[in-house]
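Subject: Structure handover

Hello,

Here is the structure I promised you. Please open it alongside this email and follow the residues as you read.

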Amino acid sequence: MMFNMLISKKNFLFFLIINLVIAQDVEHSISVGFQKNNSNSWWLNNNNYGFDSSENFLKYSFNLEEMHFDFLGNIFFNNSKGGSVYIPQLHIGYKTQNSVYIKAGRYYRDFSDYMNDNLSSGSILMSRNAQAIPKIGLSYNNIIPFGENISYKLGISHGVFDKNTFYTKPPFLHEKYFYIEVDRQQSKFGIGIVHEAMWAGTTTEGLGFGKQPSGFRNFLKVFISSDGPLLEGEPHPNALGNHLGIWDIYFVKNFKEKSIKLYHQHIFEDTSSLRFANKFDGLWGIELNNFFRQTNLLVEYIDTSNCCYNPPYQSDNYYWNYQYKSGWRYKGNIIGNPHINPENSYFAELTKMIHLGISGEMFSDINYRFLAFRKINLSDTVKFQFMAQKNVTEKMSFTALFDRYNQDNNFQLGLTYYFNKD
């Protein structure tokens, strides 16, 4: 079945291989995975790029980085339903000499770059839980003129969601961010704000369903979160579109061979939560690098217990909207942290949770990663995933993965070959 799937995609693969052979500096790899699993496993459906890995699969990744140019992509081939092609991310970027960065394609985020996505439970706004949204964006980083140790970065992008049962015409995505960072020798402190908005499109359900306001004038309203039209049943006009964002705060301290990282992403859905009416809901994290020999240790605390506690002053449900009923999802998957909205639910779960991530090296030649989480506001069991990878040769590695969620187990074997690897 796997062989037939690859043959059916031969023209697509041939095109990729020819281009990558010509570009000798491209780093690329190919992986084959074989599974024995229970399809109800949480780990198969979350923080997995929106990819259904319940069957055997093949993954191809490539990365080309030059001084002003980069090209990155992941292409998955799933063995289910006779074989299908899935592209989690595929984008091209160009950086000008004055630090303006232009990017287009499917990509996740240019903010919260301190995050360790391999160990984290997931960014509040843009995690690896869903396929990357297609968008085009601009970003800019520079030093503030009056302080050589103070820099800032800002960015803006425009994207498009998907059609589904709620949207006959997909909404647009508006995204922007602004950060200030202070860098002093071995430490740095940063604070920023990120604003996301769904707008335009045509909705089939919800208050005021139908064609939603669009055009440049309404874009300006979305940009500043200005009020939309007064709809029947509303006591006052609400902001045009579905808005959410984070206050993003982080601190990194480097030692000789160690580092410590602290961060907090405060979630907001309206003006009240922007002003911390929902207290300190969001994601808290600490990461210790090499405090234990050749080990990265990450602990995160997720709190959503103050969502909707005082309507109408703090009534917005995280990742949900009364007009855009699909909420903060792309192709059915949560775009942000998957623990905030449980699967098959459109309402935030009022919960407190601890997430643990550990990675490192054992027995000198085996790399490992361990992930686990548990709700701490009620009786709960620990859900975990363990992965071990052994380098067979300089360019080939063997991977074994086991995860457990409640009574469901999943086991996976994989083989990866790296091209142009130093």
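The charged end of Lys103 sits over the ring of Tyr107, 4.7 Å from the ring centre. To count, NZ of Lys or CZ of Arg must be within 6 Å of the ring centre and within 35 degrees of the ring normal. Lys95 also lies over a ring face, that of Tyr101, at 5.9 Å from the centre.

Before you go further, note that this is a predicted model: local features need pLDDT of at least 70, side-chain atom pairs count only at pLDDT 80 or more, and totals for chains, interfaces and linings use all residues. Residues are numbered from 1 along each chain as its sequence is written, and side-chain values use heavy atoms, with hydrogens and water left out.

How far does the predictor trust its model? pLDDT is its confidence in each residue, from 0 to 100. The average here is 85, and 84% of the residues score at least 70. Take care with residues 1-11, where pLDDT stays under 50. For that stretch the model has 18 contacts beyond four places in sequence. A contact means heavy atoms within 4.5 Å.

Now the overall picture. The protein has five helices and 23 strands. These are DSSP runs, numbered from the N terminus: helices are H or I with at least four residues, strands are E with at least two. There are 422 residues, and 46% of them count as buried. Buried means under 20% relative accessible area, exposed over 50%, and partly exposed in between (1.4 Å probe, protein chains only). Of the contacts between residues at least 6 apart in sequence, 55% join residues at least 24 apart.

Next, the aromatic rings. A search of the whole structure finds 30 aromatic pairs. Rings of Phe, Tyr and Trp (its six-membered ring) pair if their centres lie within 6.5 Å; planes under 30 degrees apart are stacked, over 60 edge-to-face, and the rest tilted. Trp43 and Phe373 make a tilted pair, 5.6 Å centre to centre with 55 degrees between the planes. This pair links distant parts of the chain: Trp43 is in helix H3, Phe373 is in strand S20 (residues 366-375), and they are 330 residues apart. Both Trp43 and Phe373 are buried.

Phe172 and Trp199 form an edge-to-face pair, at 5.4 Å and 65 degrees. Phe172 lies in strand S9 and Trp199 in strand S10, so the pair ties together parts that are 27 residues apart in sequence. Phe172 is partly exposed at 25%, but Trp199 is buried at 4%. There is also one aromatic cluster of Phe111, Tyr114, Tyr177, Tyr179, Tyr250 and Tyr263.

Look at one sheet too. Three strands form an open, antiparallel sheet in the order S8-S11-S12. Its edge strands are S8 (167-169) and S12 (210-211), and each pairs on one side only. Two strands pair if DSSP finds at least two bridges between them. S11 (residues 202-203) and S12 have two bridges, and Thr202 stands opposite Lys211.

Finally, the backbone. Most residues other than glycine have a negative phi. Which way does Asn47 go, positive or negative? Its phi is positive, about 50 degrees. Asn47 sits in the loop between helix H3 (42-45) and strand S2 (57-65). Gln294 also has a positive phi, near 55 degrees. Its loop runs between strand S15 (282-292) and strand S16 (295-303). Asn47 is partly exposed at 28% relative accessibility, and Gln294 is partly exposed at 37%.

Best wishes

Notes: pLDDT is the predictor's confidence in each residue, from 0 to 100.
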